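Biologist: Could you take me through this model? I would like to begin with the terms you use.

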Amino acid sequence: MISLLALAGVAAIIFFGFRRHNHKVSVKQNIPEIIDSLLVLIRAGHSPAMAMSQLHNWSSDDLRQSLLQVKTELMAGEPFEVTMKNLRAAVGPNIYALCDILVSADRDGLPIVSVLDQLSFHAHQERQRLREKEAKELPVRLLFPLVFCILPSFVLLAMVPLLVSSLGSVSMSSI
């Protein structure tokens, strides 16, 4: 009974640790779409602040709340630089480069389309690298169910009947 409780505790720790790690990876994988949507909005003639205030409409669920907060702060009259600092704090280091580029472009009035194109290219490459890394980790992740679920069931279904029949034949021959 104690071993089952310990096993349940370890499984819970692994599950919640995986969920936290999964959220960080999910945000990192959604950054290329955010940059691409931002590029479309800026090419359509929006300023960086206007583009960021509309970006929540095309974002994933992981980033929607943070980007909606950006829109709320901008509508309340917060300076764009302060809003981007708050976004950096909310999302984390995955969005630092994008926020820095947008703040400098808004402050200096420089065109940022080419810089965002390059940032998008690198973000897509990073997401591809993450997917390749996940594909390489898949056999290790599948090892746990194989060892603890499939192999014991194989032993129960294939070996135990053979063992029972051989013990039955041994006990019959001794009579």
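Modeller: Buried means under 20% relative accessible area, exposed means over 50%, and partly exposed lies in between, with a 1.4 Å probe and protein chains only. By that scale R64 is partly exposed, because its relative accessible area is 32%. This is a predicted model: local features need pLDDT of at least 70, side-chain atom pairs count only at pLDDT 80 or more, and totals for chains, interfaces and linings use all residues. Residues are numbered from 1 along each chain as its sequence is written, and side-chain values use heavy atoms, with hydrogens and water left out.

Biologist: Which residue forms a salt bridge with R64?

Modeller: D61 does, and the closest N and O atoms are 2.7 Å apart. A salt bridge here is a side-chain nitrogen of Lys or Arg within 4 Å of a carboxyl oxygen of Asp or Glu. The two residues are 3 apart in helix α3, so about one helical turn separates D61 and R64. D61 counts as exposed because its relative accessibility is 64%.

Biologist: How many salt bridges does the whole structure have?

Modeller: A search of the whole structure finds 7. One of them joins the side chains of E33 and R127, at 2.5 Å from N to O. E33 belongs to helix α1 (residues 2–43) and R127 to helix α6, so this pair ties together parts that are 94 residues apart in sequence.

Biologist: And is R127 buried or exposed?

Modeller: R127 is buried, because its relative accessible area is 11%.

Biologist: What does R88 pair with?

Modeller: R88 forms a salt bridge with D100, in which the closest N and O atoms are 2.5 Å apart. R88 lies in helix α4 and D100 in helix α5 (residues 96–108), so the pair ties together parts 12 residues apart in sequence. Both ends are partly exposed: R88 has a relative accessible area of 24%, and D100 is at 41% relative accessibility.

Biologist: Let us step back. How many helices and strands does the protein chain have?

Modeller: There are 6 helices and 0 strands, and the order from the N terminus on is α-α-α-α-α-α. Helices (H or I, at least four residues) and strands (E, at least two) are DSSP runs, numbered from the N terminus.

Biologist: What share of the chain is buried?

Modeller: Of the 175 residues in the protein chain, 27% are buried. The accessible surface comes to about 11,900 Å², and carbon and sulfur atoms hold 66% of that surface. Accessible areas come from the Shrake-Rupley method with a 1.4 Å probe; for residues, only the protein chains shown count as cover.

Biologist: Back to α3, please. Which of its residues are buried?

Modeller: L63, S66, L67, V70, E73 and L74 are buried in α3. They cover an arc of only 110° around the axis, which puts them on the same side of α3. The arc is that of the directions from the helix axis to the C-beta atoms. On the other side, D61, Q65 and M75 are exposed. Just after α3, G77 takes a positive phi of about 100°.

Biologist: What does S66 touch, apart from its neighbours within four places in sequence?

Modeller: S66 is in contact with L87, A90 and V91, contact meaning heavy atoms within 4.5 Å. S66 itself counts as buried because its relative accessibility is 18%.

Biologist: Which residues of α4 are buried?

Modeller: They are F80, T83, M84, L87 and V91. Seen down the axis of α4, these buried residues fall within an arc of 95°, so they line one face of the helix. K85 and A89 are exposed on the other side of α4. Just after this helix, G92 takes a positive phi of about 110°.

Biologist: One last topic: which residues form the nonpolar patch on the surface?

Modeller: F154, V155, L156, L157, M159, V160, L162 and V164 form the patch, with about 800 Å² of accessible area together. Patches are made of residues with over 30% relative accessible area and no salt bridge: like charges are joined within 9 Å, and nonpolar side chains (Val, Leu, Ile, Met, Phe, Trp, Tyr) within 5 Å. L156 is found in helix α6 (residues 113–174), and L156 counts as exposed because its relative accessibility is 58%.
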